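Me: I have just opened a structure that is new to me, and I would like to learn how to read it. Could you take me through some of its features?

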Amino acid sequence: MLAAGFFFVVGTAFSALARSLFILLVGRVLLGCGVGFANQAVPLFLSEIAPTRIRGALNILFQLNITIGILIANFVNWFTAKMEGGNGWRVSLGFGGIPAILLTIGSVMVDDTPNSLVERGFDEYAKIVLKRIRGVDNIDPEFEEILGASKAAREANVRRPAPFGGLLMRHNRPPLVIAIFMQVFQQFTGINAIMFYAPVLFSTLGFHSDASLYSAVITGAVNVVCTLVSVYFVDKLGRRVLLLEAGVQMLVSQIVIGVVLMMKVKDYSDDLGKGYAFLVVIMVCTFVSSFAWSWGPLGWLIPSETFPLESRSAGGSVTVFVNMLFTFVIAQSFLSMLCRMKFGIFWFFSGWVVVMSLFTVFLIPETKNVPIEEMQDKVWKQHWFWKRFMHRTD
C-alpha cells in the first residue's frame, strides 16, 4: 500500500506538471503501477484484519470508496473543464494528489496484518497487533488458527516455494480458477457497453451538451448507493445470493435494452423518442445497480478471502493481473464489436451473464461467516466438486 501511495503521488506530479506527451505518458504509467499495487494489497489487507462476521462488508468498503472517488472525480472534471486558460486538465489531474497523499500517510500509520507478521516470523508482535485490532485481550483461539495456517504454509513452501510456486499446487486450484474466472466475468457483464451508451441515451432525453455529465452523475450515484446495499447485505444474505440475483437483473435489463434499440434505432439515427429513452435509462440504472452490489465488489472480495496463507498474496496478484488484462481486452475491442454487432452487443453480454450465473450456481461456494483460515476445511472440503482437490499433494 505504501508503494501504491508512492506511485500515485509521483504519477500525479508527472501528469499535472507535464510539458510534453512523453512526460504525461510516464505519469500515466506510474499511476497504473499505483492502481496495480493498491488493488492487490488493499482487499487482501482488509480480508485479513476483518472479523469474520463483517469481513464482506469491510472489504466492500474498498469498492464503495472507489465508486465515491469516481463520482467526485466526475464533478471535479466538470468544474475544471469550464476553467479558462486551458489548464483545467492540470488542476483535475493535480487533485488526484489528495487521495494519493492520504493513502501514503495511512500506509505508514497502520501495522501489517497478524497473518503477514506470523508468516514472516514476528509471532509476538503479531499477537500484540491482533489484540489491538480486536480490542480485547482474549485472542488466543484466533491466534492459534493463524499459527496453524502459517505452519501449513511453511510445509507447503517446502514442497513448492511460495508465493507463485504454491499457486500451482493441487489444493490451490479451486480458489485460483474462481479468482481468474470472476475477473473475466466481471468484464464480460457488459458494464462497459452500458456506460458507453449512457451519455447517448441521456442526450435523447434533452440533456444535450450536458448529457455526459448527467450520465456520469446519475450512474455514479446509483453505483455508490447500490454498493452500500452490498455492504449491508453481503454478510447477511451471502455472496451467492447477491451474484445470482444480479444475474437475473442484468440479464433482463440487457435484453430489454437490446430489444428497444433493435426496434427504434437504425443506422445514422439516434432518435429513440422520450418514452423509449426513459425506459432504457431506467434499464441502465437497473443494470448498474445490480453490478454495483454483485460482480463489482464481489469480484475483489471472494478471491481475497479464499486463498490459503502461503499463496494469498500471489493469488491477489493474479486476480489483479487478469482483471486488468481483460479490462484492456474489452476496452480495445469494444468499439469494433459495437460497430459490427450494434444492438446485438447487449445480447452478446447477456449470454455471458447466463454463463457466469451457471458458474456461480455450480462452482462458487458460499464463504459467508467462515473464518479466513478455515476455508479449506469448511468450504473447499465440503464442496461437491472442489473437494477432490483438497489433499495437500501435487
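Reply: We will go through a few features in turn, with the general idea and then the case here. Keep in mind that this is a predicted model.

Me: Let me start with the record. Which residues does UniProt list for "transmembrane region"?

Reply: The UniProt entry, which is unreviewed, lists residues 58-79, 91-110, 176-200, 212-234, 241-263, 275-302, 314-338 and 344-365 under that name. You can then look at what the model does over such a span. Residues 58-79 are 100% helix and 0% strand, with their end C-alpha atoms 32 Å apart. Over residues 275-302 the chain is 93% helix and 0% strand, and here the end C-alpha atoms are 40 Å apart.

Me: Next, the backbone. Which phi does lysine 342 have, positive or negative?

Reply: The general idea is that most residues other than glycine have a negative phi. Lysine 342 is not a glycine, yet its phi is positive, at about 55°. Look for lysine 342 in the loop between helix 16 (312-341) and helix 17 (344-363). With a relative accessibility of 35%, lysine 342 is partly exposed. Asparagine 369 is another case, with a positive phi of about 60°. Asparagine 369 sits in the loop between helix 17 and helix 18 (375-378), and at 42% relative accessibility it is partly exposed.

Me: Now the rings. How many aromatic pairs does a search of the whole structure find?

Reply: A pair of aromatic rings is described by the distance of the centres and the angle of the planes. The search finds 20 aromatic pairs in the whole structure. Take phenylalanine 7 and phenylalanine 37: their ring centres are 5.3 Å apart and their planes stand at 40°, so this pair is tilted. The pair links distant parts of the chain, with phenylalanine 7 in helix 1 (residues 2-16) and phenylalanine 37 in helix 2 (residues 21-49), 30 residues apart. Phenylalanine 7 is buried at 19% relative accessible area, whereas phenylalanine 37 is partly exposed at 41%.

Me: What about phenylalanine 188 and phenylalanine 349: how far apart are the centres of their rings?

Reply: Their centres are 6.4 Å apart, and with the planes at 55° the pair is tilted. Phenylalanine 188 lies in the loop between helix 10 (173-187) and helix 11 (191-207), and phenylalanine 349 lies in helix 17, so the pair ties together parts that are 161 residues apart in sequence. Phenylalanine 188 is buried, with a relative accessible area of 12%, and phenylalanine 349 is buried too, with 1%. Both belong to one aromatic cluster, whose members also include Phe181, Trp295, Phe326 and Trp352.

Me: Can a ring have a charged neighbour as well, and where does lysine 236 lie?

Reply: Here lysine 236 lies over the face of tyrosine 232, at 4.9 Å from the ring centre.

Me: Let me turn to the nonpolar residues. How many residues does the largest nonpolar core have?

Reply: In soluble globular proteins, nonpolar side chains tend to be buried together. In this model, the largest nonpolar core has 65 residues. Among those with the most contacts inside this core are Ile178, Trp295, Leu298 and Phe349. Helix 14 (residues 274-292) gives the most to this core, with 9 residues. A second, separate core of 8 residues includes Leu117, Ile139, Phe143 and Ile146.

How values were computed
Residues are numbered from 1 along each chain as its sequence is written. This is a predicted model: local features need pLDDT of at least 70, side-chain atom pairs count only at pLDDT 80 or more; totals for chains, interfaces and linings use all residues. Side-chain values use heavy atoms; hydrogens and water are left out. Helices (H or I, at least four residues) and strands (E, at least two) are DSSP runs, numbered from the N terminus. Buried means under 20% relative accessible area, exposed over 50%, partly exposed in between (1.4 Å probe, protein chains only). Rings of Phe, Tyr and Trp (its six-membered ring) pair if their centres lie within 6.5 Å; planes under 30 degrees apart count as stacked, over 60 as edge-to-face and the rest as tilted. A charge sits over a ring if NZ of Lys or CZ of Arg is within 6 Å of the ring centre and within 35 degrees of the ring normal. UniProt positions are given in the numbering used here, feature names are shortened, and annotations may be inferred rather than shown by experiment. A nonpolar core is a set of buried Ala, Val, Leu, Ile, Met, Phe, Trp, Tyr and Cys residues joined through side-chain atoms within 4.5 Å.
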